[in-house]
Amino acid sequence: MEEPLIPVVPMSHTAHIRSHRKPRRTASTTIAMRAGVAGGVLSMAAAGAAATANAAEPVTQTIELPTLSGDLADQLAQSADATQLAAANYELEAERDAAAAAAAEEAKKDLAQAKKKAEAQKKAEEARKAAAEAAASRSTERATLSASASVSAPASGSVATVISFLKAQVGDAYVMGATGPNAWDCSSLVQAAFKQVGVDLPRVSQDQSMAGTDIPLSQVQVGDILYWGGKGSAYHVGVYIGNGQYLDAANPSKGVVIQDLSGYPASGAVRVL
């Protein structure tokens, strides 16, 4: 669109003089300016309308997805089945490993128990063997004592006096440290019996086992002192009275009694008469 022409108006001879008043706009000038502005606005409006029209048109783009073929679907299904089968195999293998570990642990425990049982049986067998050997030894000693008792007899009246005194005390009480006349301990009774014939024995059993002459148990005679425990460390004493028997102050529950050597074989014997 062409711009309208603005008419030229002749200036007055005083136009070059500046005035404090604002210049007046002529009607033609105003019309021309309005026409220009209107033209610009119309141009801008037309451009905006065109832009709006272009923006209003939607841009459509179709993206086509690939279509799965039958073979590809079968392959995917087979892959899923293979994955599931592999997972099942892994789980089964883990269960087998756990079962094998548990079985190994149980076998280890069973082996340890079997070893303990075997050791206990071995110890029990050794104990039975030792007991049998001890019983056989005691049987031999009993037989020896019985044989010697059948031939032993008081060597003199002094031995008879000792045995007579001892038998007179049967039934008295046993009291540790007592020295008679109605209560005794083992060594005080033996000391008092031999004192009747002038034999002065030590007071305690350890020292009495060291007195006189050592006698093998197979050769023990009436009147010999029997001791239990080690020589010099004996814990009990008594006097052999023949026929496989001895007399002693046994303990608080028995008191002074006559007992069989077969039930409690002595460790050794000494002879003082």
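Colleague: Helix H4, residues 186-195: is it mostly covered or mostly open?

Modeller: Mostly covered. This is a predicted model, and in it eight of the ten H4 residues are buried.

Colleague: Which ones are buried in H4?

Modeller: Cys 186, Ser 187, Ser 188, Leu 189 and Val 190 are buried. Ala 192, Ala 193 and Phe 194 are buried too.

Colleague: Salt bridges next. How many are there?

Modeller: The count comes to three salt bridges.

Colleague: Which residue does Arg 203 meet in a salt bridge?

Modeller: Asp 185, with 3.0 Å from N to O between the side chains. Arg 203 is in the loop between H4 and helix H5 (205-208), and Asp 185 is in the loop between strand S2 (183-184) and H4, so the pair ties together parts 18 residues apart in sequence.

Colleague: Is Asp 185 buried or exposed?

Modeller: Buried, at 5% relative accessible area. Arg 203 has 26% relative accessibility, so it counts as partly exposed.

Colleague: And what about Asp 214 and Lys 231, what is their N to O distance?

Modeller: Their side chains meet in a salt bridge at 2.5 Å. Asp 214 sits in strand S3 (residues 213-215), while Lys 231 is in the loop between strand S4 (225-228) and strand S5 (236-242). They are 17 residues apart. Asp 214 is partly exposed at 47% relative accessibility, and Lys 231 is partly exposed at 36%.

Colleague: Which residue meets Asp 224 in a salt bridge?

Modeller: Arg 271, at 2.8 Å from N to O. That pair links distant parts of the chain, 47 residues apart: Asp 224 in the loop between S3 and S4, Arg 271 in strand S8 (residues 268-271). Asp 224 is buried, with a relative accessible area of 2%. Arg 271 is partly exposed at 22% relative accessibility.

Colleague: Switching to strands. How many bridges join S6 to S7?

Modeller: Six, and the two strands run antiparallel. S6 covers residues 245-251 and S7 covers 255-260. A hairpin through three residues joins them.

Colleague: What is the bridge partner of Asp 248 in S7?

Modeller: Val 257.

Colleague: Now confidence. What is the mean pLDDT of the protein?

Modeller: The mean is 77, and 66% of the residues reach 70 or more.

Colleague: Where does pLDDT stay under 50?

Modeller: Residues 26-56 are one such stretch, with five contacts beyond four places in sequence. Residues 145-155 are another, with 19 such contacts.

Colleague: How should low-pLDDT coordinates be read?

Modeller: Where pLDDT is low, the predicted coordinates should not be read in detail.

Note on methods
Residues are numbered from 1 along each chain as its sequence is written. This is a predicted model: local features need pLDDT of at least 70, side-chain atom pairs count only at pLDDT 80 or more; totals for chains, interfaces and linings use all residues. Side-chain values use heavy atoms; hydrogens and water are left out. Buried means under 20% relative accessible area, exposed over 50%, partly exposed in between (1.4 Å probe, protein chains only). Helices (H or I, at least four residues) and strands (E, at least two) are DSSP runs, numbered from the N terminus. Two strands pair if DSSP finds at least two bridges between them. pLDDT is the predictor's confidence in each residue, from 0 to 100. Contact means heavy atoms within 4.5 Å. A salt bridge is a side-chain nitrogen of Lys or Arg within 4 Å of a carboxyl oxygen of Asp or Glu.
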